[in-house]
Amino acid sequence: MTESKRAYPLRDSHAERLETHTGRPLSEVTAEAIAAGELKGDDLRVHADTLRQQARIASEGGYPQLGANLLRAAELTDLPNDELLKIYELLRPERASYDDLIKLADYLEERYDARENAAFIRDAATTYRERGLLRR
Amino acid sequence: MERSKRFDLLAKRDINKETYVEPWPEAGLIVADSPYDPPPSVKLEAGAVVEMDGVHRSDFDALDIFIATRALDLDVAEEAMALPSKDYARMLADINAPREDIGRLIAGCTPAKLTDIIRHLNVLEMMMGLAKMRIRRAPANQAHVTNWREHPALLAADAAEAALRGFAEVETTVRVARFAPFNALAILVGTQTGRGGVLTQCSVEESLGLRLAMKGLTSYAETLSVYGTEKTFVDGDDTPWSKAFLASAYASRGVKIRFTSGTGSEALMGRAEQKSMLYLEARCLLVVKGAGSQGVQNGSISCIALPEALPGGVRAVLAENLLASMLGLEVAAGNDALASHSSIRKTAKLMLQFIPGADFIFSGYSAIPKRDNLFGGGNFDAEDFDDYNVLQRDMQVDGGVRPITEAEALSIRRRGARAIQAVYRELGLPAISDEEIDAAAVAHGSDDMPRRDIVPDLEAADAFMAGDDDFVAVIRALQRSGFDDVADNILEMGRQRIAADYLQPSAIFDADFKVQSAINDANDYTGPGSGYRPEGARWAEMQAIPQAKSPEGFVDPHVGEPLSRLVELGPAAKGGQREVVLALGPAFGTALAKTIGGLDHEAVLQAILTGVAAEGMIARLVRVYHSSDCAAIGYVGARLSGSGIGIGLQSRGTAVIHQKDLAPLNNLELFPQSPSLTLATYESIGRNAARYAMSLPTVPVAVEIDNGARLRLIVKTALLHRRETDEVRPEKPPQELRFDWEPA
């Protein structure tokens, strides 16, 4: 059994170390804190590092594509909801020009250090151009 | 034309309400092995695919590019493609070939190779393959919960009941899209009332679905549809890249996803490109894998009627489930949309997933009436709950649900409805009245619910969707109204989002809210004695259907006071006169007092004696001790009888007219259907015995044929016979009886 597999589930093995997206320890996510109005939705969101750990568990467990997806997901934790929705919309067929997609990739890389997503979107741009899936 | 009465009847059977069509490959109306399906091939140059399934890189479409760069494991592709398809097929059916070994090579197989492997497998071998290749050890089940009224209290009540019944996931959808947040909310609150850890989703348009997940109203999404040709994909307004991005977006919010594919969609959308449904599905599945989805919902889903119209359609649906498992994907195996009018056909089809087990045997068991199902009708509905529980119990196969009592259902439904009522009140949404709660608790479906004014509901839904309230507000609302346990369950779902363990393949939460996935509950089936099988507490739970009675309960109504008028005199001797001997079983009128049909033994004796007397004969009574067998009892009677005619009568009421010169197991007349025998029949038996004794021409007694009696009463028959057999005394000779009775 790999080390990453032994750590699974993190909810049990890493309960002390897990943090929320906002940097709070998981131990502070309590019924009392909710009742007192101290927690918001963002405090119950996953932290990028946790997704990276899950990515490693998936890849080492024989699911490398899932691992790659979770690495992209880790980068996306910092993006606001509406930006995610906008990017998804741009990736749909015939929505964006080649330049739109390349600009988007550069933006994600520079603004969020989202290298995996940037590479993914550049790959999409190349294929969309080859297959006529860009905006007409 | 002359009309056969039989064909006329057959034409009206449910099976003939279906449509059947001959294959037409040019239109994609062929489930597998289209003459236009390409031959498997792969060529690599400089670490990249330059040819796949006969297509050169320059002619790749977007799906080919996606599959070649993101799905295929190029380190093993050449080795994998070189291994004959038949060898894979044999490994899939071979218990000695481990899942991991097969999976390693399958990772390098192209869509045409995957399809070619299936060519060598029959359904039994594919079921063996599915049992082994399914990635999670224990199978599970998903429920659909919707209603045409889109009533929040009914949704919550049905979701609570579904959770209590053991479904690991509950999916809802909308009739009116604007209801999405409220339907998702009702399902969330309902399920977490029934059992903490049930995953929930609301099937809507992709961006709306993501927004519901961001609000924490859903914990998984399943309807990320993919298609097997580029044109269909684009018609679906997506590309493999947009779908893969969506998958990452969901995961970034700690939400589980699975993609949806399934045979028939391309043909239905007119863009099958002459390829077989299974080949196109293999392409879908490699897109799913390449996108990094942990799993897939396939098994034809809403297109199921199309493969079922074609020869081999049900086999192809099993094949697509198997292909997904081979690729290491969680499989929610279909069985959801209405696939057949015929109960026989729909159940037979189910067995292909039910017996081997799938990660989710249904990607939506309709836990509601068919009329309330907004997914296009369920193939199995709430009306089939008991049938399904019995199937589990019959086969000791875990179908992912458990039987519950009516009292449990009423209680959890009311609580689920109360919880959503409290949330609506606390969040200032249109009030849910106590009358609606009462109706939801006992309701079967929408028809049992009072009408709700949907205009304010829709306005409130729009405002809720636009506002800041999310599942944290829902938790707080539940806390403020005394539903702390439900609040705690939703909060724990929130913590699980932070831990993200349930993003791993085939993850569900068990009854203790612990994650179970292919990482910590990986399928380890390697033949008999291995893998998952329902045992211990789970098997006990599956057995305990409320309809099952204790064995004692079957015999108790047939016990009564021993007949005081029936007195034993001493050993019986052979008679010399013209008589009929009525020989009774060892428990007759003593340990037992009523026949299986509920007739008092005393009344039965009187009826037979009346019949004998009516023909002017005498009847003598004996009791047989050495046997409880009807023929043996009757034979003893005949041998003791001066006329050579005897009647044998067991306590449960089974009777025989015997003659001393016949073989012991032969008879003059046998009355095995004791539940159908009336006092009038017994009187006729007495008459006929007397007539035989007088050598008069005799018409056998007519008895109503009830072929259902054995089905209904076999347990009781066995237990009554066992009670009679308890009274057998092997060494004790037949005893003369006196019955204190005078003919009327």
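Tutor: In this predicted model, three strands of chain B make an open sheet, in the order 1-2-3, with antiparallel pairing. Strand 1 (42-45) and strand 3 (55-56) of chain B are its edges. Each has a single partner strand, so one side of each is left without a neighbour in the sheet. Strand 2 of chain B covers residues 48-52 and pairs with strand 3 of chain B over 2 bridges, in the antiparallel sense. Within that pairing, B:Met52 sits opposite B:Val55 of strand 3.

Chain B has a second open sheet, built from 7 strands. Its order is 14-20-16-15-17-18-19, and its pairing is mixed. Strand 14 (566-571) and strand 19 (669-671) of chain B are the edge strands, each pairing on one side only. On average, neighbouring strands here are turned by 30 degrees against each other, direction ignored. Look at one pair inside it. Strand 15 (residues 579-584) and strand 16 (residues 618-623) of chain B run parallel and are joined by 6 bridges. There, B:Ala583 stands opposite B:Val622 of strand 16.

Two helices lie across strands of this sheet. Helix 27 of chain B, residues 630-640, lies across strands 15, 16, 17 (645-649) and 18 (655-659) of chain B. Helix 27 runs at about 150 degrees to strand 17 of chain B. Helix 28 of chain B, residues 679-693, lies across strands 15, 17, 18 and 19 of chain B. Its angle to strand 18 of chain B is about 0 degrees.

Now a helix pair in chain B. Helix 7 (residues 123-133) and helix 16 (residues 313-326) of chain B pack with their axes 9 Å apart, at an angle of about 30 degrees. That makes helix 7 of chain B roughly parallel to helix 16 of chain B. Their crossing is left-handed. Helix 7 of chain B brings B:Val123, B:Met126, B:Gly129, B:Leu130 and B:Met133 to the contact. Among the residues they meet in helix 16 of chain B are B:Leu318, B:Ala319 and B:Leu322. By class, this contact has 8 nonpolar, 3 polar and 1 charged residues.

Another loop of chain A, between helix 1 (3-6) and helix 2, holds A:Pro9. The peptide bond from A:Tyr8 to A:Pro9 is cis, with omega near -5 degrees.

Last, the two chains together. Contacts link 47 residues of chain A with 54 residues of chain B. Helix 5 of chain A gives the most, with 8 residues. That side of chain A has 29 nonpolar, 11 polar and 7 charged residues. As for confidence, the predictor gives the complex an ipTM of 0.98 and a pTM of 0.94. Chain B averages a pLDDT of 96, and 100% of its residues score at least 70.

Note on methods: Residues numbered from 1 in each chain as written. Chains lettered and ligands numbered in written order. Predicted model: local features only at pLDDT ≥ 70, side-chain atom pairs only at ≥ 80, totals over all residues. Contact = placed C-beta atoms within 7 Å. Helix = DSSP H or I, 4+ residues; strand = E, 2+ residues; numbered from the N terminus. Nonpolar A, V, L, I, M, F, W, Y, C, P; charged D, E, K, R; others polar. Pairing = 2+ DSSP bridges. pLDDT = per-residue confidence, 0-100. Axes fitted to C-alpha atoms, helices over the stretch in contact; angles between N-to-C directions. Parallel < 35°, antiparallel > 145°, perpendicular 65-115°, else oblique. Left-handed = near helix turned anticlockwise from the far one by under 90°.
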